[in-house]
Structure formats: C-alpha cells, structure tokens
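This report concerns a model of two protein chains. The sequence and structure are shown first.

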Amino acid sequence: MNLATYARRNLFRRRGRTILTIIAVTVAVLIFCAIRTFIVAWNAGADEAAADRIATRHKVSITMQLPRHYIDELREVPGIQAATWANWFGAKDPKERVPFFAGLAVDHNTWFDVQQDMKVSADVLAAWKQTPNGAILGDVLARALEVQVGSRLVITSDIYPGDWEFKVVGIYTPVRKTVDRNTLLFRWDYLNNDPRAVYSKEHLGWMVSRIAGSADSAALSRRIDAKFESRDDQTMTMSERAFALSFLGGFSAVLSAFQWVSLGILVIMTLILANTIAMSVRERTHEYGVLRAIGFPPGHIFGFIVGESLLVSLAGGLVGAVIVELLINHALGPFMQDNMAGVFQHFFTPGWVVAVAVGAAAVLGVVAGLIPAVLASRLKVTDALRRLD
Amino acid sequence: MSQGEPSASIVTLSGINKTFYRGKEPIHVLENLDLDVPGGSFEALMGPSGSGKSTLLNIIAGLDRPTSGTVRVAGEDLTKLSDGQLAKWRSQTIGFVFQSFNLIPVLTAAQNVELPLLLTSLSAADRKTHVETALRIVGLVDRMHHYPRQLSGGQEQRVAIARAIVNDPKIIVADEPTGDLDRKSADDVLTLMDRLNKELHKTIFMVTHDPSAAERASVQRKLDKGALQ
C-alpha cells in the first residue's frame, strides 16, 4: 500500500456519486469538443485559405456586383500574377436531394489558374471550354445529385428564374481536405448570355487574385482599392481568409456565442466536481482528523483531496476523449461530410481540441478540489475529530 | 517493539490553563493544572462530562495547545513545536485509540495498521513485518485482509490498537476505548492494554467514564471543573 492507495480507494466510496460525476465530466468534455469541432469545421475554409490569394468585392456588400471591366484593370496592378472572378448563383436542387450547395458562375478560362486547390485534368478543361453549359462538380455533390460525367443536370436558383440545364463535363479533385467537395462550377458566359440574368449582365460578383509569394498582400490590397476609389463602384480587397470570414457575416456572432457556451460548460463541470468533492470532504472530515492525529501533515490531506478531484476529472476527461473519437471522428464526422458537405467539408475533432478538453478537465479538477482541500487541511485536529458525518 | 523499565516522568504539565470562548464568553476548561505521569505507567482519567478530560488528553497528545502553561512530553516541550513539527512528533511518539475505533472503511485491517508507517522511510517489506507483528500482538493476524465492516466492534478496536502501536510509540492515549464495546469485548481490550503496559512497558493514558475500566489502570485520577482531585 502507498498513499495513492488511500486516494484511489476513496474514489469509489460512494460509487454511484462518483460514477455520476465522471459521467458529468464526460458529457461536459463531449459537449465542449462538439462545439469546438463545429467552430473549427465552420472556420476550416477560412483557416486554411491560401496565403497567396486575395479577394476583391464591392465595398458596400458582397451582394452588390462590380463591372466586368474591373477584372482587366485589376490584372494591370503590379504584383497580381493571375486573376479570375465568380458570381453567386444561389443554386438549388429542385429534387431537394442536397439541402445546400455552392453554385458559382466562374470564368472558365482563368478559374483553375487561380483556384489551384481544385484540380481538373487538361481533357476536362478542354471539354469545359467547348461546352457553354458545361459544369464541373465536386465528387460529394455529384454523388448526392446522382450525376456523372456526361449526365444532364437541371437545377434552379433562388436569384434567377426557371430551370437551368447543364451538362456535367468533369469532377474536380480537391488538394486539401478542407476544400469544398460540394460546389458546382459553370461558365460565367453561360449566365451572362442568358436573358434571365439581365440583372447581372456584364457584372461579376467578386474577383480573386493570385499574388506573388513575396508580395505584401495588405499593401497590394490598398493599391487595388485606391485604383477604384474614385469610381461609382468602389472595392474592398482583403485576404482570402478575411473574405471567407466575411461570408460567415452575422453568423460570427453565433460562433462567438458558441465559444462562450463551450467555456460555460467547463465552468458548470467545475461546479459539479467541486460540489461532489465538497460533499466527500464533509463526510470524511472526522476521518481526516484521525489521519492528522496519527501524524499526517496538512499537505497530505490537501494532496488526498486534490488528487481525488483530479482522478475523477481525468477519468471523465479520458472517457469523454474516447467517446469524441468514436462518436465524432468515426461516426458523426463521416456522416456530416457525406450529407452536409456544403456546410462542413471536414467535420472532425482535431487532436488539439481533445487535448485542450482533457487538459482543461484535469486543471479544473484540481481547481475544483482546491477550496475543499485548503479548508480541510487547515481544520484544527480537535475540531475535525469532533465532526461526525 | 522496544521495552524499558518504568522511569521518571514522561508527561509533565505545569500551570496548564485552557480557555475556550463561546462568542465573547470565556469558558475555563482547565485551570492551573499540574500533572506528572511516570514513564511506563497505566493511568486512567475519570470525571463527569465537560470536566476537561478530553481537552487534557488532547494537550498531552499534542493535538491541542494550552492557553498557558508548559507541556513536556517524552522530553519535548510541545508548546515550542510548530504544527508540522507536532504532527511529526505525534507520528513518532503517540499511539491513539479512539472510542469509535476510527478505522478507514476502504482499507483492510493490515492497511489500516500500516497507515502510520507510510510516514516513515521503512521499505514495503519492513512495513509488512511491522504490521504483522502488531496484528499478532492484538491476536488478529488471521484477519489482516478483512475490512472493518467484516470485523466485530471488539476486533475493530484491537485493530485500532495495533495501528496505535505499530510505530512503537512511547505513549498510548486512549479516549474512552471501551465506550462502544460490550462487556466481553471491553474486557479483552483492557486486557490487551494491560499487556501492552506490562509486557511492552508502554505508558498508557486513558480517559474513561467506566469505573471498572479505570480499575484496570495502575493510577486513577479524577478531573472535575478543570482541576485534578
């Protein structure tokens, strides 16, 4: 036997209460990880945005469009290696097989020169250039829409009226896990030439530029915006990451609220743990008095209590980590990717989130035990001996 | 276990006063008390409830400090020791026997007896030897792997006595050691304490309400209203 034997045996003195407390910590860790996973997954596109790309949109709002000739003027700015553009189409699946996906009308001549994290073969690109209504899809979207290369695809839009018919000419390959595999790309000229898109005629939604690796993106952005400063349609240029975040728009407040909720969960966990430990200490005050009487110093009593709190929280944290791995990374994550790829391209709990959760459980376990431990270790021996359950 | 002949005073209390406060009202529990306990004696302290018996026992055992006066036990002036030093001193000098046994319910008899030894530098093997010796003295070596709930009250108290003697203390203080026991078990415990005193020459200072228990001691003292009669 050693001192840890006593601390360990104490763990299951009130088996039901300890198990319930461990479950509470487990649930707290699980919720914390789920919320953090959601936030990480939501921000994944922005977090992994290419550092060598900047985006230019209308200064007033992403929903306002820019004249087409802006792209030619943008390409003249020193430091811009390549530039392309896109319009938001507001694509919808009339059969509602996919709840949400991105449909973009893009410049077929330059899109893949700039968006190099989406790959297509030369044959696919050639076919696209020869097919005005050609569309290139992500593999997840193609599977959901039940189409393959050569298929006819009809979708609708919440911006432009009627049915829009496309011919699938290829499937793009993402080079990173966080690249959306749920996007539909079709030719901007197909949209521009359609009378139903008269509102967008000769206008583009936003421009994306690839810049030299050594370029100062902030200075370049300022130069671009200065170029259009005196026009009716002024621009706002930003890093691709900032652009991706601006898409989240008002949702950032919800994400921020989620961050606070995840911290609140940890506080609740600490209070539950502190309550359990306080009850245990209260029940054992007399016993601690006996230990003090036979010579155990206050530090040992402190260690027994904090150690017990740490063991409970760590047990809950580790069980929670295992459940996170099984539930999120092996069940929910693949399901989300297959069914909600438009929103979550990569729904997995990163190792650092699990480590933070388990670490926080351990640290808060110690914190939860601190006050009962200090009080118990400072109690006079004679007072402790007089205290009965 | 070390042995030695009864000798000079092992406990010397001089001018002990102990005052508690209920709100602002002082309660004088011990007043100008002097006490001399020779080494190797078996003393019983009797007195009505509230007379200060347990307070006196606590002061001798280094669990409490007097308001004034000097306490010299086993050659140490306890009033000069810090709380940490007192804890260490208690672990080496005093064996405690409580009325309600106070065994740790999640530990076996052997583990309960081993507890005081965890504060020493003894190896696990040496601790085991000490534990078996202590349990053999109290006649419970065959119950060493039993938990307190699996023992009778008398056996629990004998395990508590084994825990009190396992680190070979000079003094055993016992607070109503037979208070929770039936007559037969009480007799067994008192016989055991008598043996510890006579054979191992442990100084025993016992607080009791029970006159028949007090009769087993070699010296009986009475405490009333904070003063020894």
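The model is predicted: local features require a pLDDT of at least 70, side-chain atom pairs count only at pLDDT 80 or more, and totals for chains, interfaces and linings use all residues. Residues are numbered from 1 along each chain as its sequence is written, while chains are lettered from A and ligands numbered from 1 in the order in which they are written.

**The two chains**

Chain A contains 14 helices and 13 strands, and chain B contains 7 helices and 10 strands. Helices (H or I, at least four residues) and strands (E, at least two) are DSSP runs, numbered from the N terminus. The table lists overall values for each chain.

| Chain | Span along principal axes | Buried residues |
|---|---|---|
| Chain A | roughly 90 × 45 × 35 Å | 43% of 389 residues |
| Chain B | about 50 × 40 × 40 Å | 51% of 229 residues |

A residue is termed buried if 20 or more other C-beta atoms lie within 10 Å of its own, exposed if 12 or fewer, and partly exposed in between, with C-beta atoms placed from the backbone.

The radius of gyration is taken over C-alpha atoms, and the globule rule is 2.2 Å times the number of residues to the power 0.38. For chain A the radius of gyration is 29 Å, well over the 21 Å given by the globule rule for 389 residues, so chain A is more spread out than a compact globule. For chain B the value is 17 Å, close to the 17 Å that the rule gives for 229 residues, so chain B is as compact as a globular protein of that length.

Chain A is assigned domain 1 (3–46 + 251–386) and domain 2 (65–232), with bounds that come from an automatic or database domain assignment. The centres of these two domains of chain A, taken over C-alpha atoms, are separated by 47 Å.

**Contact between the chains**

Two residues are in contact if their C-beta atoms, placed from the backbone, lie within 7 Å. The contact between the chains involves 17 residues from chain A and 19 residues from chain B. On the side of chain A that touches chain B, α1 (3–11), α11 (285–293) and α14 (381–386) of chain A each supply at least two residues.

**Helix α6 of chain B**

Helix α6 of chain B comprises 17 residues (residues 183–199), which at 1.5 Å a residue should span 24 Å; its end C-alpha atoms are 24 Å apart, in agreement. The expected span is 1.5 Å times one less than the number of residues. Buried in α6(B) are A186(B), V189(B), L190(B), L192(B), M193(B), L196(B) and N197(B). These residues cover an arc of only 155° around the axis, which puts them on the same side of α6(B); the arc is that of the directions from the helix axis to the C-beta atoms. The buried residues of α6(B) are covered by elements of chain B including β3 (42–46), α5 (153–165), β7 (171–175), β8 (203–207) and α7 (211–214). On the face turned away from the buried side, α6(B) carries the exposed residues R183(B), K184(B), T191(B), K198(B) and E199(B).

**Two residues with positive phi**

Just after α6(B), H201(B) takes a positive phi of about 55°. H201(B) lies in the loop between α6 and β8 of chain B and is partly exposed, with 18 other C-beta atoms within 10 Å. N102(B), which is not a glycine, also has a positive phi of about 55°. N102(B) is placed in the loop between β6 (94–97) and α3 (109–114) of chain B and is buried, with 22 other C-beta atoms within 10 Å.
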